[in-house]
Amino acid sequence: MDEQGAPSVMREDTTELAPPGAGEVLLRQTAMGLNYMDVYQRSGYYPLDVPSGLGLEGAGVIEGVGDAVEDFTQGDRAAYGGSAPGGYAEYRNMPAARLVKVPDSISDEQAAAVMLKGMTAEYLLRRLHKVEPGETILVHAAAGGAGQIICQWAKALGAVVIGTVGSDEKAELVKGLGVDHAIVYTRDDFAEKVMEITGGEGGAVAYDSVGRDTFMGSLDCLRPMGHAVNFGTASGQVEPFPLQHLHKKSLTVTRPTLATYIAKREDLEMASDAIFGVLRDGTVKVNITGRYALSETADAHRDLESRDTTGAMILVP
């Protein structure tokens with residue numbers, strides 16, 4: 001795209017790639033993930049230098065190896081999540097340090113669908129707030145790609161999971177994933193419902209990827225010393241509020257990013273190993289609900305922005 005804006009700013013183009021440089025590999029991509037972050041970058045909600053490609057996660061086969069690359073060889077299957085934009089492509093040169101090998105038991109489509117969302121779930125549940133058995137947690141947008149992974153994984157960790165969704169159909173979907181209580185936020189006051197479900201105590205943590213429309217309500221859902229985590233802004237940025245608002249229940253608020261949690265190579269490997277592990281043992285099942293050709297990317301973005309989608313969406317060459 002040459003400018004940020006509506007889905008129509010995206011266009012197909014052909015560029016001749018240089019051979020992979022030192023520390024790089026040439027990745028032939030077989031599947032690419034779609035994320036709401038792509039919408040932020042395309043629309044201008046997040047700044048992005050243009051002209052630019054889009055796409056933050058993908059998987060495929062290494063077809064070329066640059067100098068000083070020791071961990072990968074031609075023919076290896078590899079995946080990435082949280083990279084620089086440019087994933088909507090048949091081929092791309094990638095820093096080898098940001099790639100991980102894909103186990104034989106995981107398909108390229110699975111890897112492309114979960115790298116960013118799955119590693120996000122990993123740090124949210126295991127490092128930012130270590131979910132303990134018996135804790136009650138709130139997950140907004142529970143039927144979305146990240147929400148489904150978080151809910152399944154949290155349930156396996158022994159949490160009581162409350163999820164918010166936009167319709168009765170989505171409520172039934174997430175209950176099938178192990179969500180204990182599904183709240184249709186378009187109809188019910190979710191904060192009142194959470195307090196009712198918890199007998200007035202509140203939850204230990206609220207995972208909020210929606211932002212402006214839900215965050216103050218998320219604070220009202222928490223128990224004393226509870227933790228509100230805003231890791232996405234699908235409805236817009238959280239409006240400023242006085243810190244004094246937190247003091248009554250000694251609440252903590254965090255605005256994390258995946259990039260920070262996988263900046264070190266060892267953390268990237270640990271996070272990817274963890275998500276591949278829960279996929280392999282069936283703890284988490286990835287639900288790929290939409291497959292789009294690269295030529296259909298604008299349609300994919302329109303569908304993503306509609307909020308009518310569930311699960312993970314991918315592009316295929």
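The predicted model contains an open sheet of six strands in the order S8-S7-S6-S9-S10-S11, with parallel pairing. Strands here are DSSP runs of E with at least two residues, helices are runs of H or I with at least four, and both are numbered from the N terminus. Two strands count as paired if DSSP finds at least two bridges between them. Strand S8 (181-184) and strand S11 (252-254) stand at the edges; each has a single partner strand, so one side of each lacks a neighbour in the sheet. From one strand to the next, the twist averages 15°. Strand S10 (residues 222-230) and S11 run parallel and are joined by three bridges. Within S11, Val253 stands opposite Ala228.

H3 touches strand S6 (136-139), strand S7 (160-165) and strand S9 (203-208), and its direction makes about 170° with that of S6. Helix H4 (residues 168-175) touches S7 and S8, and its direction makes about 165° with that of S8. Contact means heavy atoms within 4.5 Å. Axes are lines fitted to C-alpha atoms, for helices over the stretch in contact, and angles run from 0 to 180 degrees between N-to-C directions. Because the model is predicted, local features need pLDDT of at least 70 and side-chain atom pairs count only at pLDDT 80 or more, whereas totals for chains, interfaces and linings use all residues. Residues are numbered from 1 along each chain as its sequence is written, and side-chain values use heavy atoms, with hydrogens and water left out.

Two packed helices are described by the angle between their axes and the distance between the axes. For helix H2 (residues 108-128) and helix H3 (residues 145-156), the angle is about 45° and the axes are 9 Å apart. H2 and H3 are therefore oblique to each other (angles under 35 degrees count as roughly parallel, over 145 as roughly antiparallel, 65 to 115 as roughly perpendicular and the rest as oblique). On the H2 side, the contact is made by Val114, Lys117, Gly118, Ala121, Glu122, Leu124, Leu125 and Arg126, and on the H3 side by Gly145, Ala146, Ile149, Ile150, Trp153 and Ala154. The residues of this contact comprise nine nonpolar, two polar and three charged. In this division, Ala, Val, Leu, Ile, Met, Phe, Trp, Tyr, Cys and Pro count as nonpolar, Asp, Glu, Lys and Arg as charged, and the others, Gly among them, as polar.

Helix H1 (residues 36-43) and helix H9 (residues 297-306) pack at about 110°, with their axes 10 Å apart. H1 is thus roughly perpendicular to H9. Tyr36, Asp38, Val39 and Arg42 of H1 meet His301, Leu304 and Glu305 of H9. The contact of H1 with H9 has three nonpolar residues, one polar and three charged.

Strand S13 (residues 312-316) is largely enclosed by the rest of the structure, because four of its five residues are buried. Buried means under 20% relative accessible area, exposed over 50% and partly exposed in between (1.4 Å probe, protein chains only). Strand S1 (residues 24-33) pairs with S13 in the antiparallel sense over two bridges, and Met32 stands opposite Leu315 in S13. Strand S12 (residues 288-293) runs parallel to S13 and is joined to S13 by five bridges, with Gly290 opposite Met313 in S13.

Asp213 lies in the loop between S9 and helix H6 (215-220). With 55% relative accessibility, Asp213 counts as exposed. Asp213 and Glu239 are 26 residues apart in sequence and 9.4 Å apart in space, C-alpha to C-alpha.
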